[in-house]
Amino acid sequence: MALETADAGATLAGAPADVSRQARYRPGSGPLGFAPVLALVAAIGVLLVAVGDDAARTGSSLAQPLFWLGLVATYAPIAFRLLSASASRTERIALVALLGGALFLVKVLYSPNSFVFYDELGWWRATHDLLQTGDPFSSNPLVVTTPGFPGLDLFTAPLAQLAKLSIFDAGTIVIGVVRTALMVALFLFLERATRSSRAAGIGVAVYACNPSFLYFNGQFAYESVALLLGLSLLLVTVRWVESAGLAGGRGMRSLIAAMLLLAFTLTVTHHMTSYAIFALLAGWAAFDEFGDNTENAPARESLLDGPALPAILLGLMASAWFLFVAGGVTITELGDVFTGAIRSAVDLVFGGSAPKRPFEAGGQSNTWPERLIAVASVLSLLLVIPLGLRRIWRSSASDSLQRVLALIAVLYVVTLGLRLTHNGTETSQRASEFVFLGLAFLAAMVLKDLSWLRRERARVGMLALAGLATLVFVGGFIVGEPPQGRQPGPFLVSAERRSVSAQGIAAAEFAAAELPPGSRVLVDHANATLIGSYGELDPVTRRVDGISITRVFFDRNLGRPARRVIRNGHIDYLIVDRRLSRTPPVGGYYFTQQEPGAFSRATPISRAALNKFPTVPGLKKIYANGAIAIYDTSGLRFG
Amino acid sequence: LSRPSVLGERDLVAVAALSVVGLLVTVIPFPDWFRAIVLMPLVIVLPGYALAAAIFPPGFVTREERTVFTIAFSIGAAALGGLLLQLVVRLDRGTWLGLLLVVTLAACAVALSRRNGQFTATWKMPPIDPVPVAAIVVAVAIGGAALAIASNSASRQLDRSHFSALWIVPKGINSGRSANQLEIGVQNHEGRSLRYRLRISHHSATVRKWKFRLGSGQLWQTSLPAGSAFGNGPVVATLFRNDVIYRRVAIDTGASF
């Protein structure tokens, strides 16, 4: 695969033309080009976000303008420079690493002292249990799949233990490093796929527009790490495919060793990334074998000389891991996600439920400018798909990898459709990190072909394109994060990270210090994250004897069904947050997505329903902090 | 494509030396910050770097590819090594240290034997211009300031919640060793020093009472004999502030003991 040499940096990287020392420094000169200057600008953008978040915590009206300004200041200048024809390859690599690092910092600023995202607290629990017991397969009440995929905690635990860091510090360092390496890996992969370092830089800038990029994929969670492993495997595969055609096949055994190591690490780290990368490799191999009639069609002696070998290795490992280790937890988690999405889609088509109202969640809605930006962002990406497909399928120089990536981009349309339902939104959100691999590739291919953009002085056009990229980036964030989730702020009812409060933390710390670890508790979803992590208790969320656990909280009286839930579910404690009765759940539900009135509730849970517990014989309030009370159920269960 | 990077053997010697320094840092008492700085690379960088050098022939991967594989292989070393080791030993500090040291040093040895005189060191430090370096340093400082602002802001937000917590539990229940005693606790999260009055009652009769002052964030705990001392029926703890009932919790000694 020959790389284009039209880009300034596509000559030997690391050795740009003007490395000679000059008497006076000129901005943009030197190996890193404008990257140091843009680092300064991005840092100011991050500072604006920090000040905006501070304003949000006090309810100031300046919060949002500062936040958006900071995001734009972080992203736009880097996108502009990545579009430029004059940047060297080294500068582009520095810029994509800078973009990854700066945007990760934006995520850290949301909660710089502790984890507050649901998955992060689930992984905190997994790492904590590993440190306590030495067992990476301990069950996890928050993220049920952690015992099946312990790659992340097995990497974080030694860092925390050896360097004597808190799990939060160790996890943040791990994700920060991985995130920066991910951007470089993505650049290198797209560079091979597009055969241009400039297109690769543009592709990375587009990838950062995916709705999950800023927060979800920056979490201390397994998919954040797995994507780096998946891209590393793709990089090795590209080298494998290239080397197979060379005489002597130098380094073939090394590449197989690298494939084995990466495929196994990926397999034990994250189910969906393993399956997605397997699908990509299998599709690539299929195109290679059956669909590539172009001039670039590889002449291989064996199918295994192409992407089929890593596909088979990964497929075998993932299948064996599923069969012997992680099948149960994988079915539990992915089953819930996919059946929920399918059920919602069927209900939507056949009128079983009303569609989700776009841009609204739990009474929080986007402003009109935000909606316009989001729509423009989606339309811009949709426009890329036909242009890119036309470009790829018409070109006789397109290869099978490019065609597979182009087809992956088409899935974006499907994921948009999923967003019309509540359950489908989660699937769409999770899929975006993979779908955007294809979209980033197509966008890069379309933009690199714009002849006017190749000119050194096409500054107006570049400004317009950088502006459009920034609009897509901001729009992606608006699509991916509901209004209440974008910035920190005062407590909100059932709004996940915005529901993490001092009272909730105090209750969790009490539970960890005074109650038996692993006790089974009924608790609302938001407090479950704290009780299940810092509190070391096990929140129960599934039905008991076919009865929804929400009967315990929603019923006016603690009747027979609710008592059955407590007795047969072996519930040790009930945790009641009186603040739930203040407003309807901002996130759409109080306890589970299947509860009555989920996503459609107009009135809050009744105060009487939450106040019934002190009068129930057999229940004893053993802890109270004003907002949260913990009831011991032993009198009810054994009395 | 970038030129395959050629480092001679100095890089591997440095990796091996750093991992041995990591071992020394764990046995010799050093300040935590120093220990963290030295040991972080032992987990995140060194095993992966050594593995990449051992797996790929000299000059086979570019500098950028090596950077990516260094992190990815380090994850693999800890994850797969940990999975294997936990089959035979408990994963603790010593196990992790041993695993990472063995992987790093063994991979360094393999890599050194592969290179074995094939390459001479041609890498040299690129010229450093003070202006971009200064720009990067200032950028890092601004990023640090942003983190400090956010950290203070998040702490202040938590401190704005003012409340006190009261609890009563069987002592030792968290460790599964019931001491036939009750444990009563009060914690002040009011953001200022406060005077409390606490009353313990059984069948409406006061059993014990205390008056105490707690500073912001302070915890007060005491134990009482349970079971036969009280007989059946709930033991009630009532917390007063300004002589007004503020919190009330209870435990049924009959059921819990």
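Is A:S494 buried or exposed, and at what relative accessibility? I looked there first. At 7% relative accessibility, A:S494 counts as buried (buried is under 20% relative accessible area, exposed over 50%, partly exposed in between, with a 1.4 Å probe and protein chains only). Its place is the loop between α17 (483–486) and α18 (502–514) of chain A. I also noted phi of A:S494 near 50°, a positive value in a residue other than glycine.

**Ground rules.** This is a predicted model, where local features need pLDDT of at least 70, side-chain atom pairs count only at pLDDT 80 or more, and totals for chains, interfaces and linings use all residues. Residues are numbered from 1 along each chain as its sequence is written, chains are lettered from A and ligands numbered from 1 in the order in which they are written, and side-chain values use heavy atoms, with hydrogens and water left out. For elements I use DSSP runs numbered from the N terminus: helices are H or I with at least four residues, strands are E with at least two.

I turned to B:H203, in the loop between β3 and β4 of chain B. Phi is near 50° for B:H203, which is not glycine. B:H203 is exposed, with a relative accessible area of 57%.

**Sheet in chain B.** I traced the order β4-β3-β6-β7 in chain B, an open sheet of 4 strands with antiparallel pairing (two strands pair if DSSP finds at least two bridges between them). β4 (205–214) and β7 of chain B are the edge strands, each pairing on one side only. Neighbouring strands are turned by 20° against each other on average, direction ignored (axes are lines fitted to C-alpha atoms, for helices over the stretch in contact, and angles run from 0 to 180 degrees between N-to-C directions).

Then I went through the pairings. Strand β3 (residues 194–202) of chain B meets β6(B) over 6 bridges, in the antiparallel sense. B:R197 has B:F240 as its bridge partner in β6(B). Strand β6 (residues 234–241) joins strand β7 (residues 244–252) of chain B by 8 bridges, also antiparallel. There I found B:L239 partnered with B:R247 in β7(B). The hairpin of β6(B) and β7(B) has 2 residues between the strands, and B:N242 takes a positive phi near 55° in it.

**Strand β1 of chain B.** Which strand of chain A pairs with β1(B)? Strand β6 (residues 620–624) of chain A does, antiparallel, over 2 bridges. A:Y623 stands opposite B:W167 in β1(B). Within chain B, 8 bridges join β1(B) to strand β2 (residues 181–189), running antiparallel. B:F163 has B:H189 as its bridge partner in β2(B).

I checked cover next. β1 (residues 163–170) of chain B is mostly covered, with 8 of its 8 residues buried. In a regular strand the side chains alternate between the two faces of the sheet. Here B:F163, B:A165, B:W167 and B:V169 point one way, while B:S164, B:L166, B:I168 and B:P170 point the other way.

**Aromatic pairs.** I searched the whole structure and got 35 aromatic pairs over all chains (rings of Phe, Tyr and Trp, the last by its six-membered ring, pair if their centres lie within 6.5 Å; planes under 30 degrees apart are stacked, over 60 edge-to-face, the rest tilted). A:F67 and A:F477 have ring centres 5.9 Å apart and planes at 40°, so the pair is tilted. A:F67 lies in helix α2 (residues 63–83) and A:F477 in helix α16 (residues 459–480) of chain A, so the pair ties together parts 410 residues apart in sequence. A:F67 is buried at 1% relative accessible area, and A:F477 is buried at 3%.

I then took A:F287 and A:W393: centres 6.3 Å apart, planes at 70°, so this pair is edge-to-face. A:F287 lies in helix α10 and A:W393 in helix α12 (residues 368–394) of chain A, so the pair ties together parts 106 residues apart in sequence. A:F287 counts as buried at 19%, whereas A:W393 is partly exposed at 37%. Ring pairs also link A:F67, A:W68, A:Y110, A:F117, A:Y215 and A:F477 into a cluster.

I logged A:A279 as partly exposed, with a relative accessible area of 47%.
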